[in-house]
Amino acid sequence: MAITNGASRVIEFQDEFEVIVVGAGHAGCEAALASARLGCKTLLLTLNLDKIAWQPCNPAVGGPAKSQLTLEPICKNASSMLLEALPSGLYGPRLTNENMRR
Amino acid sequence: MKSIVENQPNLTIRESMVTDLVLGTNGEVIGLETYFGVAFGCQAVILTTGTFLGGTIWVGNKSMAAGRAGEFAATGLTETLQRLGFETGRLKTGTPARVDKRSIDPSKMEPQPGDEEVRWFSFDPAYWQEREQMPCYLTRTTPATHQLIRDNLHLTPVYGGWVDAKGPRYCPSIEDKIVRFADKDSHQIFIEPEGRDIPELYIQGFSTGLPENLQVSLLRTLPGLEQCVMLRPAYAVEYDYLPATQCYPTLMTKNIPGLFCAGQINGTTGYEEAAGQGLVAGINAARLVQKKDPVIFPREESYLGTLIDDLCTKDLREPYRMLTSRSEYRLVLRSDNADQRLTPVGREIGLIDDYRWQIYTHKQEQIIAEKERLHSTRVRSHEPAGQAIINEAQQVIRGGAVTLAELLRRPGFHYADLAKYGLADVELTAAAQEAVEIDLKYAGYLQRQQNQIDQVSKHTNRALNPEIDYSSIGTLSKEAREKLDRVKPLTIGQASRLGGVNPADINALLVWTELQQRLANAPRT
């Protein structure tokens, strides 16, 4: 399909999707998974395919309030979220996880 | 996560830098363009640009266009968004150095082992596979650390004056801590492994904007790190964000139909905050495409709802982190009942499959049945279990009998005690036991919370004197004192809508005004 952007240019779409997500950090991955699981043809664009869902800062998830935030999406989404299968602490679970593997 | 997204049906992944949006005749999103000139058509775009949008990293006074160390910044998109009429701002965050674990001396630090009794984020027992745990370590800053920082403050981007973007208040750099908490001689520093089979250690609480040549000396002032080898220097990163008051609570922008934002671009900090917003944006983008009604998460139902309500209504000018104090419903919004609150919502949206739904309904049935049993089962004082409860657990049984629910409501008496005296349902999972106990034990507090919420809503029109010196009200958070002093709101309602003023602060303010009134009305002697 070709359309004009503004009045000046003709744009050819190389491919068509329903939803495109820009960025593959923790927001981007959850957004892309939710969209795809709800049946939308989804494209996830990232600057670096090797750093999907990277933890550039603290290698941990959870803690007070953040643990509830972690659990809440898990409760809504079949098997997504950053790290599903890892042990955690008491009541405000916090998990120091493996950020990098060889 | 990488393999999850790689193997998700309906999902294509590609490396690319997006620079422009393509809009239709009604100003709605119909596609986007990339730096190298490829265009893709679509009906919705979700921007989750993190620290990459106009990202600049700083080490001392040296800067580089980058979203993270060693990775390109996303350029061009900010200009597109500004051209489309969006207000953009600058925020900052930072990350500490990484140190080689073979170069530290753990014997000089305090080991911080994981919990003996593990708990799980997943509600699916199939994921509960325990692996060997590695300890973290605790060390502390020393007078030498503080001296080195004070001597070189002028070399950091913030105190040197060449970066003025706001950083996360609850995750300050080490120089911020030393300036802001000048009365403290020492700060805790946690040493956390980055992985099982790589040598990198994360130095938690020690992010800095100091020049690289000072960073090793700084690390070596910490006990246990005297000989340490630095693998990656600490750096600060500045990036563009769009104040999220420009979004609906679906996270779709008000300006451009079909354009959604989630994560740091909305001014938050943290993986969990980002992931939660991503989920909401993904759900609503799909529903927009499928012409279904949007889904909005109310703040009384989840932290996720609280987060998004705060982002979209409050004018937040510093990175927003989720805290329990952000919610006026924090007794209700717990980890143990996250499934009760939200799994039915997920099922209705279409994200919870039959397998997960069956796990959920089974647990809820167990909880309901067990609560009924506890309410209807009595233990009599003359029975052996009753005798044990009186003599060992030191509980009084009045009138010769007590229900198990009544026992559980008492402080210091837990479900495990029921088990001890043969009165528990041994089939019940630990999670269901916990849910039952919390429901029964805290029923009174939960009711009280509801009353408190009703009271706050009743007081929204109460007047506040613009002369109030908020800095002197110690029961308010420091952030609230600053914001209230700046704005001097005229009513409680106005105060409650200020960014950075939490519901807990409003309660404290109500108590304070009540007290002032009583003092003013007190008869003079």
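**Close-up 1. Lining of the second largest pocket in the predicted model.** The second largest pocket is lined by 47 residues, and Arg119(B), Asp336(B), Ala430(B), Ala431(B) and Glu434(B) lie nearest its centre. A pocket is an open set of points on a 1 Å grid over the protein atoms alone, where a 1.4 Å probe fits, with protein on both sides within 12 Å along at least five of seven lines; lining residues have an atom within 4 Å of a point. Elements giving two or more residues to this lining include helix 2 (66-76) of chain A and helix 9 (338-349) of chain B. Helix 14 of chain B gives the most, with seven residues. Helices are DSSP runs of H or I with at least four residues, and strands are runs of E with at least two, numbered from the N terminus.

**Close-up 2. Strand 16 (residues 235-241) of chain B.** Seven of the seven residues of strand 16 are buried, that is, under 20% relative accessible area (1.4 Å probe, protein chains only). Tyr235(B), Val237(B), Tyr239(B) and Tyr241(B) lie on one side, with Ala236(B), Glu238(B) and Asp240(B) on the other.

**Close-up 3. Partners of strand 16 of chain B.** Strand 6 (residues 56-59) of chain B pairs with strand 16 in the antiparallel sense over three bridges; pairing requires at least two DSSP bridges. Here Trp58(B) stands opposite Ala236(B). Strand 8 (residues 89-95) of chain B also runs antiparallel to strand 16, joined by seven bridges, and Thr95(B) stands opposite Tyr235(B).

Residues are numbered from 1 along each chain as its sequence is written, and chains are lettered from A in the order in which they are written. Local features need pLDDT of at least 70, whereas totals for linings use all residues.

Technical notes
Predicted model: local features only at pLDDT ≥ 70, side-chain atom pairs only at ≥ 80, totals over all residues. Heavy atoms only, no water. Buried < 20%, exposed > 50% of the residue type's maximum accessible area, 1.4 Å probe, protein only.
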